Amino acid sequence: MFYRLRLISMKRILFASILPLLAAAYLIVEFTCPALKLIRGPEDYKMVAKDNMQGAYVDLATEGSLLYLNTSYQEENGKTFRYFLFYSEQNDSNLVIKMTDDTYMEHIAEVQEARSGVFQHYDSETAIHFKGGITKMNDGLKTELNGILSENEAFLQSQNTSLPVYVLFVSDEPFGNNGGVIFWSTVGILLIAVSALFLVLAFSGFYLRKMKKQLDIKQWPSDWVKQDYKKGTHFQGDVVIGKDITFFFRGFTPMLVANSEIRMITFEESKKQKNKDVTKYDVLLCDQDNRSYRLHSRECVDIYNYYEKHYPRIKIESVHGERESFA
């Protein structure tokens with residue numbers, strides 16, 4: 001019995017965790033990798049493998065040449081963007097550098113010489129450092145840059161330079177707001193951790209402690225309780241009515257109440273109603289000490305009628321009146 005109750009607790013936790021786990025999966029996929037990159041800091045661009053370019057957060061030192069694409073700046077969402085073609089000695093690492101007009105102004109003293117429309121060379125001492133995230137070039141930008149670079153086609157061919165595949169967007173916040181990325185990543189991890197913790201607690205029998213404490217107080221033999229559970233009538237919602245004991249769940253915690261202690265049974269409107277046009281009810285048990293126990297089940301009418309049939313001494317109240325059949 002106790003093993004079965006542990007499994008039911010786990011089942012209930014898994015069912016309750018579906019939406020949180022889906023949300024956690026989305027948050028982790030969307031934010032955790034970027035958050036880890038932010039925490040780790042930008043990688044040296046030269047150390048990033050070609051296959052790992054997409055989504056990389058890098059620090060690029062322009063030890064090579066820049067070509068300012070002076071006919072290409074666009075306006076998107078009220079911001080102006082400028083583009084440079086970065087060409088290093090390694091043809092694989094050609095890159096388009098994209099920056100807002102504001103960011104460009106921060107670097108203007110360093111990049112203004114590249115405005116001549118040809119490659120401006122930078123060595124290790126004069127290299128400009130750009131930090132940002134790398135993404136694949138979209139078709140629109142590719143078409144635009146192809147047109148611009150065709151003006152320098154002879155020069156590009158002499159340099160053995162082809163159109164890059166990737167774009168580096170210069171920004172200290174390459175994935176959006178840094179604080180927001182880290183926050184939502186943390187939320188996703190916590191949702192996974194909390195769900196896992198609940199499952200571990202259920203498997204370890206944590207949620208059985210209250211029931212076992214009840215058994216110790218009442219000094220009911222464990223074998224007798226197990227037999228009553230086994231031979232009891234099972235209803236949807238993990239409710240079991242035995243000859244002497246009613247077993248049910250409150251959340252993830254299994255509970256029990258002695259049938260001899262139940263003095264009244266009634267219906268109470270369910271707190272969770274998906275369809276407001278149809279009133280739903282739970283069975284409410286009240287014991288001799290005026291404690292109440294709510295039984296959630298789609299078979300609440302059957303539970304109600306079961307008590308009315310097998311325990312006539314119990315005061316039965318319906319939503320219409322005392323001992324009036326609920327159908």
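Q: Before we get going, when do two strands count as paired here?
A: Two strands pair if DSSP finds at least two bridges between them. Keep in mind that this is a predicted model.

Q: How many bridges do S11 and S12 have, and in which sense do they pair?
A: Strand S11 (residues 239-241) and strand S12 (residues 245-250) are antiparallel, with 2 bridges. They make a hairpin with 3 residues between them.

Q: And how many bridges between S12 and S13?
A: There are 6 bridges, again in the antiparallel sense.

Q: What about the turn in the hairpin of S12 and S13, which residue takes a positive phi?
A: Gly-251, with phi near 70°. That hairpin has 2 residues between the strands.

Q: Zooming out, what's the strand order in the open sheet?
A: The order is S10-S11-S12-S13, 4 strands with antiparallel pairing. S10 (233-235) and S13 (253-258) are the edge strands: each has a single partner strand, so one side of each lacks a neighbour in the sheet. On average, neighbouring strands are turned by 20° against each other, direction ignored.

Q: Why is S12 largely enclosed by the rest of the structure?
A: Because 5 of its 6 residues are buried.

Q: New topic, helices! Which one lies across S12 and S13?
A: Helix H8, residues 209-218. H8 runs at about 25° to S13.

Technical notes:
Residues are numbered from 1 along each chain as its sequence is written. This is a predicted model: local features need pLDDT of at least 70, side-chain atom pairs count only at pLDDT 80 or more; totals for chains, interfaces and linings use all residues. Side-chain values use heavy atoms; hydrogens and water are left out. Axes are lines fitted to C-alpha atoms, for helices over the stretch in contact, and angles run from 0 to 180 degrees between N-to-C directions. Contact means heavy atoms within 4.5 Å. Buried means under 20% relative accessible area, exposed over 50%, partly exposed in between (1.4 Å probe, protein chains only).
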